[in-house]
Amino acid sequence: MRVLALVPGGVGDQLLFFPTLETLKQQYPQAAIDVVVEPRVIGAYKVCPSVRKVLTFDYKDRNSLADFGNLLGSIRDQEYNAVVSLGQRFSVRFLLWLTGIPQRVSFAGQGDYLLSQAVPLNTNQYAAAMYHDLLKGFDINVPCPPIKINVAKTDIDWATNEQKRLGITNGYILIHGGSSALAIKKGIDKIYPVDSWVAIAQDIQEKLPKLPIVILKGPEDAELVSKLTAKLPKALVISPPDIGKLAAVIAAANLLLCTDSAPMHLGVAVGTALVALFGPTSPEKLLPLNDPKIKFVKAPEGKPIAAIAPQDVLAKIWQD
């Protein structure tokens, strides 16, 4: 059996879809599962053990007929038995119909007649469980498992060597400041103010002077990290080059402090205790709140993430 999944969205969306892929693989152990994702997130599948092949397509681009034609040709060459799609656009459903794949599953919406099974969309739940509902179109009715990832030994070794280089011997507090150019472009500000992070870090340093503060630095975080380290001279900086090494760094931390972001979902996957900060997005939909290691602070309704007071974050950190 060959199964294709069309998964638009960022790294966080991919991680939230991993439980669906895992269940598919458990139900069909011999199945070859491929995905079609945006080019910017292909690296996420380095830590996904359920997928055979990753194809790319820029869902958000103004795709020409030639672009759709190339994707259609790639899909038809593989002779898939089933396809599951997160996208609800009519053009995507029409593309699926043109592939000739016999079983076509997606959420109910425009153009349902182009699908073989349309699954009702329930947005009032954890996003991973919402995606997992798509499996009802395959007559699979099992609970949504937690996000699981596969971190390679080479990535764990890299994280261990980075700790030695930084002089870390007994754990650390990891901070991800929340820089995301794409989120800001969408009008979603996920950057928590530098001075607020500094107030939180200084309180931790005062109470736990032997536990270092480590700041995550990604491709979009250079300016934010520079401002943080200028005000936190004792803070260390780590810059994982890929998602596997990022996951290993998060797994080794005593606590992850972050905004709603891909590192947050990785923290959930590796089981690290975390406190996540939310602005306009909903923690109930983006975190499994039945896990006692997971805490969050939400900005007042209608307010940006900057409205969260540092003392509210600290109250969560020191909460028993």
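Okay, let's start with a question: where does Asp-139 lie? It lies in the loop between α4, residues 127–132, and α5, residues 153–166. One thing before I go on: what we're looking at is a predicted model.

So, Asp-139. It isn't a glycine, and yet it has a positive phi, about 60 degrees. Is Asp-139 buried or exposed? Its relative accessibility is 70%, so it counts as exposed.

There's another residue like that to look at, Glu-79. Glu-79 also has a positive phi, about 55 degrees here, and again it's not a glycine. You'll find Glu-79 in the loop between α2, that's 65–78, and β4, 82–85. With 64% relative accessibility, Glu-79 counts as exposed.

Okay, on to the sheet. We've got an open sheet of six strands, and if you walk across it the order is β9, β8, β7, β10, β11, β12, with parallel pairing. At the edges sit β9, residues 236–238, and β12, residues 294–298, and each of those pairs on one side only. On average, neighbouring strands in this sheet are turned by 20 degrees against each other, if you ignore direction. As a quick reminder, strands of a sheet pair through backbone hydrogen bonds, either parallel or antiparallel.

Let's zoom in on one pair. β11 and β12 run parallel, and five bridges join them. If you want one to click on, take Phe-278: its bridge partner in β12 is Lys-298. Over at β9, helix α8, residues 222–231, lies across β8 and β9, and α8 runs at about 160 degrees to β8.

Last stop, α10 itself and its partner α1, residues 11–27. The two axes come within 8 Å and cross at roughly 25 degrees. Under 35 degrees counts as roughly parallel, so that's what we call α1 and α10. The crossing, α1 passing α10, is left-handed. On the α1 side the contact is made by Val-11, Gly-12, Leu-15 and Leu-16, and on the α10 side by Ala-262, His-265 and Leu-266. Sort those residues by type and you get five nonpolar, two polar and no charged.

That's my tour, thanks!

Key
Residues are numbered from 1 along each chain as its sequence is written. This is a predicted model: local features need pLDDT of at least 70, side-chain atom pairs count only at pLDDT 80 or more; totals for chains, interfaces and linings use all residues. Side-chain values use heavy atoms; hydrogens and water are left out. Axes are lines fitted to C-alpha atoms, for helices over the stretch in contact, and angles run from 0 to 180 degrees between N-to-C directions. Helices (H or I, at least four residues) and strands (E, at least two) are DSSP runs, numbered from the N terminus. Angles under 35 degrees count as roughly parallel, over 145 as roughly antiparallel, 65 to 115 as roughly perpendicular and the rest as oblique. A crossing is left-handed if the near helix is turned anticlockwise from the far one by less than a right angle, and right-handed if clockwise. Contact means heavy atoms within 4.5 Å. Ala, Val, Leu, Ile, Met, Phe, Trp, Tyr, Cys and Pro count as nonpolar, Asp, Glu, Lys and Arg as charged, and the others, Gly among them, as polar. Two strands pair if DSSP finds at least two bridges between them. Buried means under 20% relative accessible area, exposed over 50%, partly exposed in between (1.4 Å probe, protein chains only).
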